[in-house]
Amino acid sequence: MTQTALSHTTFQLPPSIVTKLDLSRLVSEAESIDDALTTAEIRARTGAAALPAPAASAQFVQFLQVNKLSMEGNRRAEVVRELRALKDKAPVVHMTFAVTADAESLQQLANWLRQSVHAHVLIEVGLQPSLVAGVYMRTTNHVHDFSLRGALAEHREELAGELETLRVGR
């Protein structure tokens, strides 16, 4: 049975992988598991005592399941290589919030971005309390201000006119 070549372009990221740091951890874990399994194979060939199997995180198990992969045999090196390529090439959206975003909200945002923009998009999270509310979003070629501060600044003249009308009307 021939195996098809792996490509990072076909990988699906599970919802728990949101940031570049999450993806970096996934790559490190794949490398660590590959090293441990290679060591175990060498020990088995030389007759040395077996070591306990390496434990995998829930994120890593999810990644393998979503992509129908296993870390057995020569496939491990391909998985590691393609995960490294994905880490280097995945597009990143920088999102700055007024308050710390919770993990569930970030996962929902990442899921929406992956369905709407790019299948491998990652989020880099920033914090800027002066935004008051909303988000400031930056991609490689666009900046979008979806904050309350930005909306107020955009409609400053209209708001000033309305306030003047209310003041004069009294």
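I take buried to mean under 20% relative accessible area, exposed over 50%, and partly exposed in between (1.4 Å probe, protein chains only). Helices (H or I, at least four residues) and strands (E, at least two) are DSSP runs, numbered from the N terminus.

Housekeeping: this is a predicted model, where local features need pLDDT of at least 70, side-chain atom pairs count only at pLDDT 80 or more, and totals for chains, interfaces and linings use all residues. Residues are numbered from 1 along each chain as its sequence is written, and side-chain values use heavy atoms, with hydrogens and water left out.

**Strand 1.** I looked up residues 92-97: six of the six are buried, so strand 1 is largely enclosed by the rest of the structure. Val-92, His-94 and Thr-96 are buried on one side, and Val-93, Met-95 and Phe-97 on the other.

**Its partner.** Strand 2 (residues 122-127) runs parallel to strand 1, with six bridges joining them; strands pair if DSSP finds at least two bridges between them. Val-93 has Ile-123 as its bridge partner.

**Helix 1 and helix 2.** I then checked helix 1 (residues 20-46) against helix 2 (residues 58-66): their axes come within 10 Å and cross at roughly 85 degrees. Axes are lines fitted to C-alpha atoms, for helices over the stretch in contact, with angles from 0 to 180 degrees between N-to-C directions. So helix 1 is roughly perpendicular to helix 2 (under 35 degrees is roughly parallel, over 145 roughly antiparallel, 65 to 115 roughly perpendicular, the rest oblique).
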